[in-house]
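This report describes selected local features of a protein model. Please consult the sequence and structure shown here while reading.

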Amino acid sequence: MDKFVITGGTALRGEIAANGSKNSALPALAAALLTEEPVILHRVPRVRDIRTMERLLVDIGTGVEVDGQTVRLHTPKIVSPEAPYELVKTMRASSLVLGPLVARSGRARVSLPGGCAIGTRPINLHILGLEQLGATIHQSHGYIEAVAPEGLRGATVYFDRITVTGTEDLLMAAVLAKGETVLRNAAREPEVVDLADLLIKMGAKIEGAGTSTIRVQGVERLGGAEHTIIADRIEAGTFLVAGAITGGDLTVTECNPEHVGALVSKMQQAGIDVTQPDATSLRVRSTGRFRSVDMTTEEYPGFATDLQAQYMALMTQAEGIAIVVETIFENRFMHAPELARMGANIRIDGKQAMVAGPRSLTGAGVTASDLRASASLVLGALVAKGETVIDRVYHIDRGYEKIEAKLAAVGAKIHRAE
Ligand code: EPZ
């Protein structure tokens, strides 16, 4: 198993480019199941979760050709409308094939995800929504089976709570349903908008993506399309924090500044200089001294839960006490005890963490527990005195492409060890 060895204390300087978004590319790959024509996606990050989704699609019947960050997908026929436990347990986003499979072939068999490092993460809202679109659903042996032999029909789906992949799954089901579907209390994340843009290029009729009410007029068939995935706002945000925590001068290029607005606003309140040199870049300049600012995670456009762990690492270096509240997932503070091993002063009470800073961190052996927790350990290590060894970096490889090479190019002392 790979490890990262990081020697902290170097300010990061220069330019670092954001990749295409993992969480946009995943539903875009699944959307290729909706048509028998080829779908070509550009700027698909070469991370582990994407490879897992590609494997799943191949099993289902999709021809997948990868050329750098361009992926050509072609599904003339659904061979096996199934997502097996072996894949779903490694990546919950596998459930994104549920909606497109039922819509295209009238049948899907998808494993229930089971437990997860950051919370229970059920998919009950995906299932309820599909039932409202006319699918019949049975659960047995850890799998849910959805059938709609006559096809899906449009309906109003009200999500009890906001769900990102649930909205995406239902959107992909609704585009081929008969009549109008209205998704209420829909997720407004940029990844939902990106998926809608792709589906519209494929011939879908969608209005309101990016708002909490999405209207879809079902069409009989969708065609092929070519689409470029949006920038990864979570990767971009992670790099901004890296620049700030190390007291550096770092410009994150090829990103969408609007999509990281909530983080930038918190950083500016903390006294960190963040500017926008052009439409697709953000520059962070920091002396390494800044103030604590409280933060609560929320659905977009609020502060992303996927940046909470990185923000907590930042607050270990801030002057004062920051209260960090996690409202999206019930168990997303696994990084806190690891940061504490490096010297951070963090107290957890339910959904709330109290981070008292600034504390000088020292290198230690730490273990990555999930994707974003791993990113926060990298950030802590970049500012810690001495050497940190981060174990189980396969978690970080799920969502960050060659993060060690990118950080090393702007001055970080980081390498991968087997
Ligand atoms: C997406 O997960 C992202 N994954 C996550 O990113 C992200 O943390 C999350 O949205 C929240 O922003 C992808 O886009 C592939 P949700 P998702 O359904 O869609 C509850 C990362 O690090 N819920 O919006 O699975 C759920 O338990 C990852 O890249 C139900 O109760 O999250 C959670 O508390 C991790 N029933 C809340 O809703 C359901 O049927 C929001 O989850 C669905 C969700």
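The model is predicted. Threonine 297 is located in the loop that runs between β18 (295–296) and α10 (308–315). Because its relative accessibility is 0%, threonine 297 counts as buried, the cut-off for that class being under 20%. Its side chain makes a polar contact with the side chain of glutamate 326, at 3.3 Å. When residues up to four places away in sequence are not counted, threonine 297 touches Phe303, Ala304, Thr305 and Gln308, together with Val325, Glu326, Thr327 and Ile328.

Elsewhere, arginine 109 lies over the face of tyrosine 143. The table lists the distances for these side-chain interactions.

| Residues | Interaction | Distance |
|---|---|---|
| Threonine 297 and glutamate 326 | Polar contact between side chains | 3.3 Å |
| Arginine 109 and tyrosine 143 | Arginine over the ring face | 4.0 Å from the ring centre |

The model also contains two cavities of 30 Å³ or more. The largest cavity holds about 40 Å³ of space. Its lining is formed by Ala231, Asp232, Arg233 and Ala236, along with Cys255, Asn256, His259 and Val260.

Note on methods. Residues are numbered from 1 along each chain as its sequence is written. This is a predicted model: local features need pLDDT of at least 70, side-chain atom pairs count only at pLDDT 80 or more; totals for chains, interfaces and linings use all residues. Side-chain values use heavy atoms; hydrogens and water are left out. Helices (H or I, at least four residues) and strands (E, at least two) are DSSP runs, numbered from the N terminus. Buried means under 20% relative accessible area, exposed over 50%, partly exposed in between (1.4 Å probe, protein chains only). A polar contact is a pair of N or O atoms within 3.5 Å; within protein, one must be able to donate a hydrogen and the other to accept it, and residues adjacent in sequence count only if both atoms are side-chain atoms. Contact means heavy atoms within 4.5 Å. A charge sits over a ring if NZ of Lys or CZ of Arg is within 6 Å of the ring centre and within 35 degrees of the ring normal. On a 1 Å grid over the protein atoms alone, a cavity is a set of points where a 1.4 Å probe fits but cannot get out, and a pocket is an open set with protein on both sides within 12 Å along at least five of seven lines; lining residues have an atom within 4 Å of a point. Grid points are joined across faces, edges and corners, and a volume is the space filled by probe spheres set on the points.
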